[in-house]
Amino acid sequence: MSARTIDPERTPLGSPLHYAILAVLALVCLLPMVLMGITSLKTETQIFNTRWSWLFVPTLANYQAVVQEGNIDRYLLNSLKISLAATLLTLMLGTMCAYAMARFRFLGREPLSYATLILRTLPPAVLAVPVYVIWSAWGISDTLSGVVLVYVALNLPFTIWLLYGFIEQVPVELEEAAAIDGCGPFQVFYKVVLPLLKPGLAAASIFTFRLAWNEFILSFILTNRVTRTLPASISNYITDTGVEWGKITAAGVLIALPPLIFTFVAAKQIITGLTAGAVKG
Amino acid sequence: MHVSIPSARLARLTPYVYIAPAVLVMLAGLVLPIADALRLSFYDWPMGTDWDSARWAGLEAFGEMLRSPQVWTSMGVTLAFVLIAVSCEMVLGVALALFLEQPVRGMRAFRTVFVLPMMIAPICVGLIWRYMFDANFGPVNQFMGFLGLAPQAWLADHRLAFAAMVVTDIWQWTPFVFIMVLAALQGMDHSIVEAARIDGANWWQQIVRVKLPVIKPILIVTLLMRMIDGFRGLEVIYVMTFGGPGQSTELFSLHIYKAAFVSQKLGYSAALSILLLAVVTVLSLAVLMMANPLKGERR
């Protein structure tokens, strides 16, 4: 759905009340995250001080600690590898599948599309036990590729659904014209369809990366000390005696940072992905 | 040009070649695990033992599940959570969208900020709010003190911990409702509203009689998507309270996790998974009936 495109110059300024409400809402959204960020720069004694203070000398000691003792650089690398591999594979397989569903009439197309839509809402908790059992039997538990496989599978239904909508909007005549001009099927796809899919691919890649980067429970179950991802390493800082707040908030900031940056860079694509499917006339 | 039979057969195979990799991955990563969960639910299999020691138990696990008070407590907590949190999110999100519907300069920047809570990792959300609600140094209690109210041990009290979980979900997901409804309102045909206005409909009538009915399908899909997420939710609460105190914040997904990895009863947790799967499938079938992307072309 494309909202009426509005020329920024012509968009009217809202009333002061309008902006006041928006500002309060933005503050409510941001403040908890900002407080966590600030806490990660405090020493343990400052954190446990019962009075919150804005005035303190920021320290990077917590970040140093999680890197040196916590092996966080290794987990960061694992997270990056897994997220990038999962995103790339999901996009490739998802595009191929969505293209076939939008452009061909074949036996099994409808069951496939319904299955895809239902699988989209599968709760990760349902997968936890059987995936753990099967992956162990296949010998891919505790490996990075095992985690990638389950993330690709989890992301495919949404990606196919999203891209299907985009491919459908590409006029078939464009492809036919290219074919008449002598393009092979692969060239038609590569030169005509793919460029028009860019917004959809961007939205799909952000959401795939987000899930792979943020996911905790399956990674926690399917990895060991060596293959652990960043979110799964968080549990190291929650012990029976309490939470190591300095270190855990530092690790939390490192986990939150990439999605935050993505959001600022590609807010438009994110909105596309969020509202896709539902807001579709 | 003459079409040879092999190439026609090839053409018929083309779509299957395109869908095969995706279908295989979804079969291996989603369908096979579901089938395996169903199979496991008929066995009594303690974690860490060999499959040989698993005992065929028939429907025992399902019987145990239906008799277990913990299961019903967790289901009750989940239903209450979904009911309260999702209603608050819908009311707040729709009200804000109606109030802020008019496109104004700078809205794009605000919308970006509103998306942030749902983009960061759920475990970060859990972490943030565990910190916010901390009894000793949490900002929530400091704010209460500022207002002259007594500090509370938020996450140690049954009812307060439940409330804290609801507040966290509202913080994270009200923006989603807001953005969905805003997109729907800005995408609707404004001549209808204009016509109603000319016919003398006041502000309230325009909303209740025109705008809400027009965007009703999107409202229902948004509602169902939030409900499904309520049943799927696990990670925020895993970090924030791990279901405690007692079972007061033990959402059903977390209950399944605990049955498998704390109580180590794999077969039993598989039976619980089947129950959750049934609930979520019914809800997503309802979404499909409301917003089927294939429905346009089938007419």
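Predicted model: local features only at pLDDT ≥ 70, side-chain atom pairs only at ≥ 80, totals over all residues.
- On the H14(A) side the contact is made by Ile271(A), Leu274(A) and Thr275(A), while H7(B) contributes Phe176(B), Ile179(B), Met180(B) and Ala183(B).
- Sorted by class, the residues of this contact of H14(A) with H7(B) comprise six nonpolar and one polar, with no charged residue among them.

**The contact between chains A and B**
- Taken as a whole, the contact between the chains draws 86 residues from chain A and 81 residues from chain B.
- On the side of chain A that touches chain B, H1(A) gives the most, with twelve residues.
- That side of chain A is made up of 68 nonpolar, 15 polar and three charged residues.

**Domains of chain A**
- Chain A is divided into domain 1, covering residues 12-59, and domain 2, covering residues 63-275, and the centres of these two domains, taken over C-alpha atoms, are separated by 31 Å.
- Eight residues of domain 1 of chain A are in contact with six residues of domain 2 of chain A.
- Helix H1 (16-39) and helix H2 (44-48) of chain A each supply at least two residues of the side of domain 1 that touches domain 2, and H1(A) gives the most to that side, with three residues.
- The side of domain 1 of chain A that touches domain 2 of chain A holds two nonpolar, four polar and two charged residues.

**Leu154(A)**
- Leu154(A) lies in helix H7 of chain A, which runs over residues 144-169.
- Because a residue is buried if 20 or more other C-beta atoms lie within 10 Å of its own, Leu154(A), with 25 C-beta neighbours inside 10 Å, counts as buried.
- When its neighbours within four places in sequence are left aside, Leu154(A) is in contact with Leu211(A) and with Gly29(B).
- Leu154(A) and Gly184(A) are 30 residues apart in sequence, and their C-alpha atoms are 32 Å apart in space.

Conventions
Residues numbered from 1 in each chain as written. Chains lettered and ligands numbered in written order. Contact = placed C-beta atoms within 7 Å. Helix = DSSP H or I, 4+ residues; strand = E, 2+ residues; numbered from the N terminus. Nonpolar A, V, L, I, M, F, W, Y, C, P; charged D, E, K, R; others polar. Domains from an automatic or database assignment. Buried ≥ 20, exposed ≤ 12 C-beta atoms within 10 Å, placed from the backbone.
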